[in-house]
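Take your time with the model, then follow the steps.

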Amino acid sequence: MSTPQSTTESTREQNGPRTALVTGAAGGIGAAVAKRLSADGIRVILADLRTDRLTPLTAGPPLAENAGGFAALEVDLTDRAALPGFVDRAWNVWGGLDILVNAAGLYPSAPLLEMRDDQWDQVMDVNLSAVFSLSRAFARRLVDAGTGGHIVNISSGASTRARRGAAHYCTSKAGLDMLTKAFALELAEHSIHVNAVSPGFIEVDSDVNPLGEAYVRSIRGGQPWPRAGVPDDIAGAVSFLCGPDSGWMTGASLSVDGGAGTGNAALPLS
Ligand SMILES: NC(=O)c1ccc[n+]([C@@H]2O[C@H](COP(=O)([O-])OP(=O)(O)OC[C@H]3O[C@@H](n4cnc5c(N)ncnc54)[C@H](O)[C@@H]3O)[C@@H](O)[C@H]2O)c1
């Protein structure tokens with residue numbers, strides 16, 4: 001077995017800017033991650049079903065001096081057979097990839113007794129199965145190229161805390177946490193870091209994943225930290241996990257949740 005090295009020691013990184021592929025880049029968290037990685041000097045390939053939403057980034061001015069450029073690719077993550085070819089297309093944009101951020105996700109609501117098989121399947125397909133297929137294709141390319149890299153999965157506090165109407169979602173994110181560990185275990189010898197960020201409730205303006213007002217009020221009420229979580233909170237954690245200060249981290253899930261995982265702040269004194 002070869003000795004794992006931090007990717008900061010990898011040849012690609014020494015030779016110029018790195019390249020990241022970010023799924024769900026038209027969404028609240030994915031777009032913030034893409035902007036943050038670009039500001040870090042990383043070139044970013046924005047991937048989503050809704051490519052029309054990506055134009056402001058691809059056609060806009062650079063976000064900062066020395067910011068990495070943007071490219072956009074359309075992907076339907078439910079089309080699993082097409083995902084290896086999609087990774088090849090992304091690879092060819094700038095002649096390689098270093099980072100994969102799996103940020104696309106669905107969190108629809110369906111009470112357990114009324115949940116249909118197709119509702120279950122769609123959430124599993126996008127939140128879990130696509131991450132497996134995409135990450136495997138990405139890792140195969142890195143191993144063939146002999147370069148290290150990073151996979152960052154956007155999980156959720158729902159991976160450890162069940163909630164009503166979200167059996168499919170919570171199960172998909174619990175699976176994603178284990179997928180993160182399983183990939184980390186097998187890919188360390190190839191210098192590929194695999195970590196997750198586990199957000200609490202993050203305010204996004206999503207028409208793909210609308211949430212009810214009563215739910216939002218209640219989840220905000222139980223959160224210890226007073227201000228709302230914003231997509232940049234997650235982007236900062238992803239930046240850290242792709243940077244030199246996390247060089248000895250793999251298989252971790254980083255909670256960024258305003259303390260929500262510690263307990264319910266809305267409960268009265270006992
Ligand atoms: N917002 C939160 O409070 C929160 C909390 C915990 C975890 N998360 C996770 O963060 C991630 C991003 O969520 P968000 O809040 O930014 O949601 P969002 O709805 O703003 O973004 C989700 C994106 O995924 C894309 N997508 C969905 N299905 C796709 C498919 N088949 N192919 C390609 N793209 C597809 C959508 O087009 C959308 O742009 C998700 O994995 C979600 O589970 C969000």
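**Exercise 1.** Is Asp118 buried, partly exposed or exposed?

*Solution.* Start with the ground rules: this is a predicted model, where local features need pLDDT of at least 70, side-chain atom pairs count only at pLDDT 80 or more, and totals for chains, interfaces and linings use all residues. Residues are numbered from 1 along each chain as its sequence is written, and side-chain values use heavy atoms, leaving out hydrogens and water. Next, recall the classes: buried is under 20% relative accessible area, exposed over 50%, partly exposed in between (1.4 Å probe, protein chains only). Asp118 has a relative accessible area of 43%, so Asp118 is partly exposed.

**Exercise 2.** Find the salt-bridge partner of Asp118.

*Solution.* A salt bridge needs a side-chain nitrogen of Lys or Arg within 4 Å of a carboxyl oxygen of Asp or Glu. The side chain of Asp118 meets that of Arg116, at 2.8 Å from N to O. Arg116 is partly exposed too, at 46%.

**Exercise 3.** Which residue forms a salt bridge with Arg50, and where do the two sit?

*Solution.* The partner is Asp207, with the closest N and O atoms 3.1 Å apart. Arg50 lies in the loop between strand E2 (43-48) and helix H3 (55-59), while Asp207 lies in the loop between strand E6 (192-199) and helix H7 (213-221), 157 residues apart. Helices (H or I, at least four residues) and strands (E, at least two) are DSSP runs, numbered from the N terminus. Finally, widen the view: Asp48, Arg50, Arg53 and Asp207 are linked in a network of salt bridges.
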